[in-house]
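Subject: Structure handover

Hello,

Here is the structure I said I would pass on. My notes follow below it.

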Amino acid sequence: MKTRITELFGIEHPIIQGGMHYVGFAELAAAVSNAGGLGTITGLTQGTPDKLANEIARCKAMTDRPIAVNLTFLPSVNAPDYPGLIDAIIEAEVPVVETAGRNPQAHIEQMKNAGIKIIHKCTSVRHALKAESIGCDAVSVDGFECGGH
């Protein structure tokens with residue numbers, strides 16, 4: 001099957017596994033990618049840049065097809081090491097990042113300069129239009145089933 005999504009992400013089927021906290025590990029992401037979709041490792045589930053780098057390496061050992069990493073940007077008193085997580089993604093040459101939560105604009109340029117395609121999870125037309133205006137390559141439109149959005 002050939003669609004704009006399959007061409008954009010280099011996949012066979014226009015099926016993208018969303019980032020799922022405590023579920024998006026290498027085994028699931030590799031299985032989805034091996035089946036022709038785009039498998040996604042959930043970045044914040046890993047906790048640290050080193051653990052994320054290890055999970056990406058495990059996934060790449062299970063598939064030679066494109067994978068993604070989800071990064072959810074949340075307001076927090078003790079924010080995760082987003083710069084370190086992004087560096088780990090770039091160093092591992094992950095081709096796609098799915099962002100969610102807050103506006104990812106502060107991190108878009110760094111990822112785009114590394115050749116990464118960005119999917120942003122949105123819950124409204126307004127958010128989708130904003131994602132497009134800041135340079136996201138695609139949007140995922142989600143409802144209440146998406147982590148309570």
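Is glutamate 93 buried or exposed? Glutamate 93 is exposed, because its relative accessible area is 63%, and exposed begins over 50%. Please keep in mind that this is a predicted model.

Glutamate 93 sits in the loop that connects helix 5 with strand 3. Its phi is near 55°, which is a positive value in a residue other than glycine. This residue comes just after helix 5. A second case is tyrosine 22, with a phi near 65°, also positive and also not a glycine. Tyrosine 22 belongs to the loop between helix 1 (4-9) and helix 2 (26-34). With a relative accessible area of 61%, tyrosine 22 is exposed.

Overall layout

The protein contains seven helices and five strands. Along the sequence, they come in the pattern α-α-β-α-α-β-α-β-α-β-α-β. The protein has 149 residues and a radius of gyration of 14 Å; a compact globule with that number of residues would have one near 15 Å, so the two agree. Along the principal axes, the C-alpha atoms fill a box of roughly 35 × 35 × 30 Å. Buried residues make up 44% of the 149. Taking contacts between residues at least 6 apart in sequence, 52% join residues that are at least 24 apart.

The five strands make up an open sheet with parallel pairing, in the order 1-2-3-4-5. Strand 1 (39-42) and strand 5 (138-141) are at the edges; each has a single partner strand, so one side of each has no neighbour in the sheet. On average, and ignoring direction, neighbouring strands are turned by 30° against each other.

Strand 2 (residues 67-73) pairs with strand 1 in the parallel sense, over four bridges. One of the residues involved is threonine 42, whose bridge partner in strand 2 is asparagine 70. Strand 2 also runs parallel to strand 3, and six bridges join these two. Here threonine 72 stands opposite alanine 100 of strand 3. Six of the seven residues of strand 2 are buried, so the rest of the structure largely encloses this strand.

Helices on the sheet

Helix 5 (residues 82-91) packs on the sheet, where it touches strand 2 and strand 3 (96-101). The direction of helix 5 makes about 170° with that of strand 2. Helix 6 (residues 105-113) packs on the sheet as well, touching strand 2, strand 3 and strand 4 (117-122). Its direction makes about 150° with that of strand 4.

Which residues of helix 5 are buried? They are Tyr82, Gly84, Leu85, Ile86, Ala88 and Ile89. The buried residues of helix 5 pack against helix 3 (43-46), helix 4 (49-62), strand 2, strand 3 and helix 6. At the start of helix 5, a side-chain oxygen of aspartate 81 comes to within 2.9 Å of the backbone nitrogen of glycine 84.

Two side-chain details

The count of aromatic pairs comes to one. Phenylalanine 73 and tyrosine 82 form this pair, which is tilted, with 4.7 Å centre to centre and 45° between the planes. Phenylalanine 73 counts as buried, at 5% relative accessibility. Tyrosine 82 is buried too, with a relative accessible area of 8%.

The other detail concerns lysine 121, which lies in strand 4. Is lysine 121 buried or exposed? Lysine 121 is buried, because its relative accessible area is 12%, and buried means under 20%. What does its side chain reach? The side chain of lysine 121 reaches the backbone oxygen of glycine 19, at 3.3 Å.

If you want a place to begin, look at helix 5: it packs on the sheet against strand 2 and strand 3, and glutamate 93 follows just after it.

Regards

Note on methods: Residues numbered from 1 in each chain as written. Predicted model: local features only at pLDDT ≥ 70, side-chain atom pairs only at ≥ 80, totals over all residues. Heavy atoms only, no water. Pairing = 2+ DSSP bridges. Axes fitted to C-alpha atoms, helices over the stretch in contact; angles between N-to-C directions. Contact = heavy atoms within 4.5 Å. Buried < 20%, exposed > 50% of the residue type's maximum accessible area, 1.4 Å probe, protein only. Polar contact = N/O pair within 3.5 Å; in protein donor to acceptor, adjacent residues only side chain to side chain. Phe/Tyr/Trp six-rings, centres within 6.5 Å; stacked < 30°, edge-to-face > 60°. Rg over C-alpha atoms; globule rule 2.2 N^0.38 Å.
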